[in-house]
Amino acid sequence: MNTHVKTPPTDLSRRSFLVGSAATGLVLGYAAVPGIDQALAAPSGFEPSVWYSIAPDGLVTVTCGKADMGQHIASTMAQIVAEELGASWKDMRVQLASNDPKFNDPVLGAQITGGSWSTMMNFDAMSRAGAAGRTALTEAAAASMGVPAGELVVRNSTVSHPKSKKSMSFADIVKSGKITKTFTPDELKAIKLKTPDQYTMVGVSVPQLDIPPKTNGAAKYGIDVMLPGMVYGKVVTPPVRFGATVKSVDDAAAKKVPGFIKAITLDDKTGSTSGWVVAVANTYANARKAADALKISYDNGPNAKLSSQSLIDEAKRLQKLDDSGQFFVKDGDTAAAFGTAAKVLEAEYTTSINIHAPLEPMNATAEFKGDILHIYSGNQFATRSGAIAAGAAGIDPKFVVMHQMWLGGGFGRRLDADMMVPAVQAAKAVGKPVKVIYSRENDMTMDYSRPLTFQKVKAGLDGDGKLIALNHDVVSAWPTQRWGIPDFLSPSVDKKGPLDAFTVNGADFFYSVPNHNVRAIKNEMAHNATPSGQLRSVAPGWTFWAVESMIDELAHAAGQDPAQYRIALLDGKGKNDGGAQRLRSTLLAAMGMAGYGTSKLPKGEGMGVACVSSQERATASWTACVAHVAVSASGEVKVKKLTVATDVGMQVHPDNIRAQVEGAALWGLSLAMYEKATLKDGGIEQTNFDTYTPLRMSQTPEVAVNVIANGDKPTGVGEPAVTVIAPALANAIFNACGARIRSLPITAEAVKANMKA
Amino acid sequence: MPNLNINGRSMSVDAANDTPLLWVIREQLQMTGTKFGCGAGLCGACTVHVNGEAVRSCQTQVGDAVGKKITTIEGLSAKGDHPLQKAWILEQVPQCGYCQSGQIMQAASLLSKNPNPTKDEVVAHMDGNLCRCMTYSRIQKAIMRAASEMRTASNAGTERRAT
């Protein structure tokens, strides 16, 4: 298990929880009071934090410490608070937190949004915050009304006393100024929360609070920030993804562009960028013109001759070495088991480089004001990104205030902080606030991409076709190790030092296989040439591609139905008890919904299954897919339907879960069939949406989603369904036409070439 | 100094004629609902109406928009209550929301000409608008809902006039 996931969650011992009251409003949070505006204007570590406040008009404003990139997490946090608080949904508002550490995730201890962790790791803390507020309001109302607190009922932002028919609104109580209750950490822990049968708001698809401003142009994203006196920066990035240095910059032609201010060569000691220049002008259009007019000569550095082929060749070389990498799983003795196996199969699976390409290009606005550096940007990792901004400025991170904005897509891209560097150094150089906006070309060629991966899987079956041994080698760049944060690495089983589990998560599946090795092998060449990042679903996006394809290949080799073969492997023995049964049930649900195996399909059509425990073993949602495809004689694949079932424990917002699962499934389809980036001469070849081509409306099949929620703790939904699609599709294609595809994305040429005559 | 007719108002802007309309709208007029996505007419995030036609404002020079009627998401309706905007809320379409101004403007140009589109017509009209969150099925549903609302309202209006 990864060390960053600490269970049991919610250690509140270091924090005191205070419910204070003043004429300005009731503020609830860890530690003391003041207003959010002050918190946003002050250096980190100076202001205390708050989770929500109730104003004298009764409006409840929840401060969301998570980045909201379309998963509606701010609204979800408000919903959890409102449930225990007893507030009416129409009174709920949200705002986005600054990088004050007091807004840190209660489990992760940092401000980071990813891993499909947010709901599962904040549900308890937000519930307790809401319940504490209800208790305080109730006690104050009881004192005002002169009735016992135990006789009061809290509902729809009103505290009422049924016997006397007295009632007070939250607004009345806050205005009374009589709330004095404070909570120690122990008292908070002791608060009795509602049981699920008492919920009136959790489980209800309330209207998302962020949606109306996203239909009229009012929502403010990072790119929309306007500061007085602000000027604009356009980056000029080198021909290679990483490793270039600027030899010289000739700005003679740029100087003729009206409004041009300055060209700045970045001095990036954070290692986020290499060989970047930023052109600053009075408007973005002029900054672009100036950027285009700059004549820059580069030393393209050590990666200038590398291509996708070089990276895959290197991966294959590393995989063949016995002493490569570290073990993530080492159960039993695979070598001995292969010796006794009746049948041994080997297969190689690959995935291409993939680009996040959120529709809002990377951007950041930097402003130095007194001692404080203000950054305005939509970012998923304020804790680290603030430190990178500080590094770019040469100041202590405590003097950086990150102003969170709505994110025009994240998908993991905005966990990174490269955009801070040009904004900060340009603002410093010109002495004005600077908004830096990447062009789409900058954004695509400088993405912290999903790494190219190579996986080799070797499996042994006994005489009955039962899987008795599996060796699984995963070779890739190590995206999370790149952050340099030890807590995000995991110890290796063979004690060869920490490994990046975000390259192998998922390979530690819930199938019972007595002899099982998983080796994480770092492709140093790829790591240096294509610094990689966390792309929606991260490792399970490739590990399950290999595992769930191979399981299918094994089922066919054993002459068994691939779905039934999986069900037999999910026996729930030993360490797999619990998870395996849930995954089995989910697979059965998907099969039932899709009508898998109930009728004979026309020639050229096939259904394929896959089931996954994304994201991590400790944080899994149980997800299964039945893909239904039709394959033409020329190898063209038409996806007729994707049927997805997912067990999420508890549904906070059913409609949002469906939206997320559908979006994730379509991401899975897009990655499986439409998205491919390639490296040539050290640079990413695809520069815009003409050559890097995410799914469009005309390519969107029907997606049927079935959500299973049996009242367990809520799990994550933003990513898991990404990972189940590619293997389900490839397995369906095999069943349709006999072509086994082992490389993503799937192309018509590859399908045709592998078809059985 | 070009003079632009935008959302029913005449506004003077200080920009060279070859400046993309997108940046004039966003920076000078500070109407940021129109988004920059690709700068190449490939994603549709910057869609606005020029004389009622949906165009990519990143590919439209400000000089070419002079004397024409420009409408942005901010001017589509007085109170954000165009039938498409209402349908977008009812169907809970947006996720990140960044592409949705462009989606709504693109859809509005369809419904203004074709109040009863088929699903295929919707797909053909909307296929140039990328949604990276992939909310495509909800976009389709919302367009169909809005079209239906608009037809109902229009029929009701006709009936009232008739009586």
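Housekeeping before I go on. This is a predicted model, where local features need pLDDT of at least 70 and side-chain atom pairs count only at pLDDT 80 or more, while totals for chains, interfaces and linings use all residues. Residues are numbered from 1 along each chain as its sequence is written, chains are lettered from A and ligands numbered from 1 in the order written, and side-chain values use heavy atoms, with hydrogens and water left out.

**Chain B, the fold**

I counted six helices and five strands in chain B. Those are DSSP runs, numbered from the N terminus: H or I of at least four residues for helices, E of at least two for strands. Reading along the sequence, I get β-β-α-β-β-α-β-α-α-α-α.

How does the radius of gyration sit against the globule rule? A compact globule of 163 residues would come out near 15 Å, and chain B has 16 Å, which agrees. The radius is taken over C-alpha atoms, and the rule is 2.2 Å times the number of residues to the power 0.38. The C-alpha trace spans about 50 × 40 × 25 Å along the principal axes.

Of the 163 residues in chain B, 55% are buried; that means under 20% relative accessible area, with exposed over 50% and partly exposed in between (1.4 Å probe, protein chains only). I also checked contacts (heavy atoms within 4.5 Å). Among those in chain B with a separation of 6 or more, 57% join residues 24 or more positions apart.

Charges next: chain B has 17 positive and 13 negative, with mean positions 6 Å apart. Lys and Arg count as positive, Asp and Glu as negative, and His and the chain ends are not counted. Each charge is placed at NZ of Lys, CZ of Arg, CG of Asp or CD of Glu.

**Chain A, the overall numbers**

Chain A gave me 18 helices and 28 strands. Its radius of gyration is 27 Å, in agreement with the value near 27 Å for a compact globule of 757 residues. The C-alpha trace spans about 85 × 75 × 50 Å. Buried residues are 65% of the 757, and 77% of the contacts with a separation of 6 or more link residues 24 or more positions apart. The 76 positive and 70 negative side chains have centres 2 Å apart.

**Chain A, local spots**

Helix α6 (residues 284-293) of chain A has seven of its ten residues buried, so the rest of the structure largely encloses it. Among the buried ones I noted Tyr284(A), Asn286(A) and Ala290(A).

Is Arg566(A) buried or exposed? Arg566(A) is buried, at 0% relative accessible area. I found Arg566(A) in helix α14 (residues 562-569). Its side chain makes a polar contact of 3.5 Å with that of Tyr511(A). Such a contact is a pair of N or O atoms within 3.5 Å; within protein, one must be able to donate a hydrogen and the other to accept it, and residues adjacent in sequence count only if both atoms are side-chain atoms. Leaving out residues up to four places away in sequence, Arg566(A) touches several others, including Glu548(A), Asp552(A) and Asn731(A).

Last stop, Asp690(A): I found this residue in the loop between β27 (683-684) and β28 (702-708). Asp690(A) is partly exposed, at 49%.
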